[in-house]
Amino acid sequence: MPTSSSGRIVKAQKVKKGTPHQKNHRWESFSTKISKLNSLDPIRRVRRHDIDAEDLSANTSYFRLGLEKWKELNISDGFVTFCQEVLPMSDSLPQILHFEDKIIKTLFSYMEKREQEYLQPLLELLADFAHDLGTRFERHYGKALELIASIAASQQDVEVVEWSFTCLTFMFKYLSKLLVPDLRATFNLMASLLGKQRQQPHIARFAAEAMSFLVKKAGVPAHRQNALPLIVQHAKLDLQSIFGTKQFELYYHGLMTMFAEAMKGNGLTVHSSGPAIFKSLILLVDEEDLKSPATSVWIDIICGVLTSILHHTDSDTFKDVLEVILANSEATEDSIALPARNRRFGQLFLSARMLGTVAGVRKGTRVGDWSAVLNSMSDILSTVSANVPMAQGNELDLALWKPLTLSAAFILQYSPMDATIPFISAFMDSLTKDPLAKWFLTFCSYFSYAEPERFNSIVLTYFQRHVVSNLFYL
């Protein structure tokens, strides 16, 4: 998987659409892997494609079937010895439950040897064992996750890394109902793989995709009120705790990837939990983030997640996320009139930056309703112009340019002309007055370089007026 020299996680480019591939062995994301599984539920009786034709009586065991399969496929000395130890305790599901502690102890001891020749069957058998035990596996879960994480972190062979995270994929699937109500313990165990400790970027991406499945589950209606804010806040605090360290950048990208993957559905879609997850990120923006909105790490994560979703979707599938952005912008503008407006004023810059990202990424091709975007940005500019005292101060100076004025330039640059014309006057009126007037020449410089023809048709007249009216000061 490609990575940049800085350690940033870079996702491989999508393969062009065409005839479905016929390859038997091909890397797939965790979202794709999980979508191919049958509906699994660790709390009730489950079925799986590989034993649908078998007798599903109380004696059926996934662990036993896995042993029978791998006993024929892997004849290494270590695995043969392992089978000799556990087979006498695995004749039936009741027997496996009776010898639960002995089996898991033996399984862990062989996994700790990290012998690559039989590590794949052991990892698969661990997932099968979790499938058999269901809720009973909870007391072994911490040790299992810690061991799998250490194997993934210590191995350089990409096959071993994928086996490890495939095992995690199945475990998270089988145990999701137990884990989702409070993901903090699982997150703490996965944090080192996400980049909190020195790690290879591709491993951080594997871990982010694995954790994204649980975050996605936390965003469903049954959990989004409690579980989702809990894990998002915990992730933010954990990121802030290592600010300024060498590992901060990789951990930052690991968390960004985790939230972005949690929002993505199959194909070019957004998962049904996606808008709720994105809203939870926005709601966690606090006063410290708003003191310097142009350089806030959490706001950078929000815009990074948004950028990833824009690349993943099209104009039809992105509309639900766009509605969240527009609703947040409208709520922020309304709150400026309230007594606590100073604390909310910085939210305008966040809304403006998100709108600018929507317009700038992929040249705005993901926007289906340009009138709504233009109207929202116009209202933000007007609100800032009407509240000049609150927009003054060194900490907000850069925010007036990067999230606000530059975002306005992106929107004017890529919006269709027929939708733009009704808003030109309102945009230019705000951009040529305080507190944005000091950035107007920079705005013109950027616009004239990026889109000379559109600059001449939209901005040139206002630029000439601005120069004439300020000639004495120039």
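**Figure 1. Aromatic pairs, starting with F82 and Y110.** The structure holds 15 aromatic pairs. Take F82 and Y110: their ring centres sit 5.3 Å apart and their planes make an angle of 70°, so this pair counts as edge-to-face. The two residues come from distant parts of the chain, with F82 in helix α3 (residues 77-86) and Y110 in helix α5 (residues 100-111), 28 residues apart. Buried or exposed, these two? Both F82 and Y110 are buried. Keep in mind here, and in every view below, that this is a predicted model.

Figure 2. F440 has 1% relative accessibility and so counts as buried. F443, at 0% relative accessibility, counts as buried too. Which rings make up the cluster? Ring pairs link F440, F443, F447, F455 and F463.

**Figure 3. The protein as a whole, for orientation.** The protein has 23 helices and 0 strands. Of its 474 residues, 53% count as buried. Look at contacts between residues at least 6 apart in sequence, and you'll find that 74% of them join residues at least 24 apart.

**Figure 4. Helix α12 crossing helix α15.** Here we have α12 (residues 248-263) and α15 (residues 297-312), whose axes come within 9 Å and cross at roughly 45°. That angle makes α12 oblique to α15. The crossing of α12 past α15 is right-handed.

Figure 5. The axes of α8 (residues 158-179) and α9 (residues 184-196) come within 13 Å and cross at roughly 160°. The two helices are therefore roughly antiparallel to each other. In this view α8 passes α9 in a left-handed crossing. From α8, the residues F165, L168, F172 and L179 reach T186, M190 and L193 in α9. The contact of α8 with α9 has 6 nonpolar residues and 1 polar one, with no charged residues.

Figure 6. What does A262 touch? Leaving aside residues up to four places away in sequence, A262 touches S212, V215, K216, H271 and I277. A262 and E209 are 53 residues apart in sequence, while their C-alpha atoms are 7.7 Å apart in space.

**Figure 7. The cis peptide bond at P435.** Going from D434 to P435, the peptide bond is cis, with omega near 5°. Where does P435 sit? P435 is in the loop between α21 (424-431) and α22.

**Figure 8. Two arginines with positive phi.** R114 isn't a glycine, yet it has a positive phi of about 55°. R114 lies in the loop between α5 and α6 (119-133). With a relative accessible area of 28%, R114 is partly exposed. R362 also has a positive phi of about 55°, although it is not a glycine. You'll find R362 in the loop between α17 (341-360) and α18 (370-386). At a relative accessible area of 44%, R362 counts as partly exposed.

Notes: Residues are numbered from 1 along each chain as its sequence is written. This is a predicted model: local features need pLDDT of at least 70, side-chain atom pairs count only at pLDDT 80 or more; totals for chains, interfaces and linings use all residues. Side-chain values use heavy atoms; hydrogens and water are left out. Axes are lines fitted to C-alpha atoms, for helices over the stretch in contact, and angles run from 0 to 180 degrees between N-to-C directions. Helices (H or I, at least four residues) and strands (E, at least two) are DSSP runs, numbered from the N terminus. Angles under 35 degrees count as roughly parallel, over 145 as roughly antiparallel, 65 to 115 as roughly perpendicular and the rest as oblique. A crossing is left-handed if the near helix is turned anticlockwise from the far one by less than a right angle, and right-handed if clockwise. Rings of Phe, Tyr and Trp (its six-membered ring) pair if their centres lie within 6.5 Å; planes under 30 degrees apart count as stacked, over 60 as edge-to-face and the rest as tilted. Buried means under 20% relative accessible area, exposed over 50%, partly exposed in between (1.4 Å probe, protein chains only). Contact means heavy atoms within 4.5 Å. Ala, Val, Leu, Ile, Met, Phe, Trp, Tyr, Cys and Pro count as nonpolar, Asp, Glu, Lys and Arg as charged, and the others, Gly among them, as polar.
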